[in-house]
Every structure is written in C-alpha cells, then in structure tokens.
Amino acid sequence: MQAQDAFFFEGQPSFEQYTTRNSQIPSNLIRCMDIDQNGYIWLGTFSGLTVYNGYEFKNYKIPETSFFSNLIQELKVDSRGWIWVIVRLGEDRIRHLYRFDPITEVFTLLSDEQLKIEEEWIGVGQIDEDKEGNIWMTTQKDVRRLHINSHELDDVETTIFTEKIFDEKVESY
C-alpha cells in the first residue's frame, strides 16, 4: 500500500446502526460522546452513561437519582481516563458534575457547595481539560477551573479568561 492509498478502503466500507432493538444501548437518543485512550467510545444518553468497546455496550446509571436524572448533558474523558459527566437532575433541569472512574465503576458527585454554585444558577454547562490536567467548566455566569492536584476551585473572570485564550501576546496561563 502506498501513502496516497492510506485513506481509501479496499472494497466498500460497512456501517452498522445500533439501536435499543438490536443492542444493549439503553437509549436511541445520544447527547454527547468521547473516546478514551483504549479506543472505547463513551456515550452520554438520555438513560445514563454507556461505553462501547467495539464488541458490546455496557451501561451505567447515576446512583441515587430518579428516572429523569440520568440524562447526560455533556461528557469528557480526561488524560487520567476519568469520565467527567454533566447530568441533568430532576425535572428542574439543574445540572451537576460527576466524575466516573471506569476502573472502580464509581460515580463521584462534585457538589454545588464544592463547585461554589449558587442556587439560582443552572449549574455546569461544559467541561474540558487543559494541558496540566486541570478541569475547566462553564456555568451560567462564569468559568471555573478545578485544580486536579489540590482540588481547589478558581473563579475565572470571563474577561481575563478571554484575554488568556485569545490574546496572541500571552504565551501560557
């Protein structure tokens, strides 16, 4: 095979569609997905967290929650292999941040108190990881950074955050 042929399939590619009827996937509605270091595909569904290893699906429900609260809004696989998920809790649409450890298969809730989220806020909206392994999250009103080693949380002023990300003169933050 030559280098220019590397992106072409021999023959026709095949696609397979997985649904609740032909697989163990718990919901046909997928909100988000990410891929871990092993190549496993993590799916945020309307019925919880699902992982696909290439052969089968395995489903995880958020513990101590009602039927309405297993809707995964967002997920992120970090460099340590942890799965960070934002879960909609209850019909009130408040979102909370959990960390899932795929080795122990345990969800850990980062409480509103730990995240310093006030009651009137909707909660966490998006999550990402920086090059040092810290977890960044957005809320309705600001951006937060969770220092992964010290477990301290910074409130980052949006203007400072924007300048650090978009100002070409700033080399690192």
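Two strands pair if DSSP finds at least two bridges between them. Helices are DSSP runs of H or I with at least four residues, strands are E runs of at least two, and both are numbered from the N terminus. With that settled, let's start.

This is a predicted model: local features need pLDDT of at least 70, side-chain atom pairs count only at pLDDT 80 or more, and totals for chains, interfaces and linings use all residues. Residues are numbered from 1 along each chain as its sequence is written, and side-chain values use heavy atoms, with hydrogens and water left out.

Confidence next. pLDDT is the predictor's confidence in each residue, from 0 to 100. The chain's mean pLDDT is 77. Of its residues, 69% reach 70 or more. Residues 1-5 stay under 50. A contact means heavy atoms within 4.5 Å. For residues 1-5 the model has two contacts beyond four places in sequence. Residues 165-173 are also below 50 in pLDDT. That stretch has nine contacts beyond near neighbours in sequence.

Now the overall picture. The chain holds two helices and twelve strands. Along the sequence the pattern reads β-β-β-β-β-β-β-β-α-β-β-β-β-α. Buried means under 20% relative accessible area, exposed means over 50%, and partly exposed is in between, with a 1.4 Å probe and protein chains only. Of the 173 residues, 38% are buried. Accessible areas come from the Shrake-Rupley method with a 1.4 Å probe, and for residues only the protein chains shown count as cover. The chain's accessible surface is about 11600 Å². Carbon and sulfur atoms account for 49% of that surface. Take contacts between residues at least 6 apart in sequence: 34% of them join residues at least 24 apart.

On to the sheet. What is the strand order in the open sheet? It is β1-β2-β3-β4, four strands with antiparallel pairing. β1 (30-35) and β4 (57-60) stand at the edges. Each has a single partner strand, so one side of each is left without a neighbour in the sheet. Neighbouring strands are turned by 20° against each other on average, direction ignored. For that angle, axes are lines fitted to C-alpha atoms, for helices over the stretch in contact, and angles run from 0 to 180 degrees between N-to-C directions. As background, strands of a sheet pair through backbone hydrogen bonds, either parallel or antiparallel.

Walk along it with me. β1 and β2 (residues 41-45) pair antiparallel over five bridges. Met33 has Leu43 of β2 as its bridge partner. Cys32 stands opposite Gly44 in β2. The two strands form a hairpin with five residues between them. In that turn, Gly39 has a positive phi of about 85°.

β2 also pairs with β3 (residues 48-52), again through five bridges and antiparallel. Here the hairpin link is two residues. Thr45 has Gly48 of β3 as its bridge partner. How many of the five residues of β2 are buried? Four are, and β2 is mostly covered.

Next, a few side chains. A polar contact is a pair of N or O atoms within 3.5 Å; within protein, one must be able to donate a hydrogen and the other to accept it, and residues adjacent in sequence count only if both atoms are side-chain atoms.

Asn70 sits in the loop between β4 and β5 (71-77). Is Asn70 buried or exposed? Asn70 is buried, at a relative accessible area of 6%. A polar atom of its side chain lies 2.6 Å from the backbone nitrogen of Ile62.

Ser79 is in the loop between β5 and β6 (83-89). Leaving out residues up to four places away in sequence, Ser79 touches Gln37 and Glu129. The side chains of Ser79 and Glu129 make a polar contact of 2.7 Å. Ser79 and Asp36 are 43 residues apart in sequence, yet 8.5 Å apart in space, C-alpha to C-alpha.

Last stop, the other hairpin. Strands β11 (residues 143-146) and β12 (residues 153-156) run antiparallel, joined by four bridges. Arg144 has Asp155 of β12 as its bridge partner. Six residues separate the two strands of this hairpin. His151, in the turn, has a positive phi of about 60°. Arg145 is also in β11. Arg145 counts as buried, at 13% relative accessibility. Its side chain makes a polar contact of 3.5 Å with the side chain of His147.

That's the tour.
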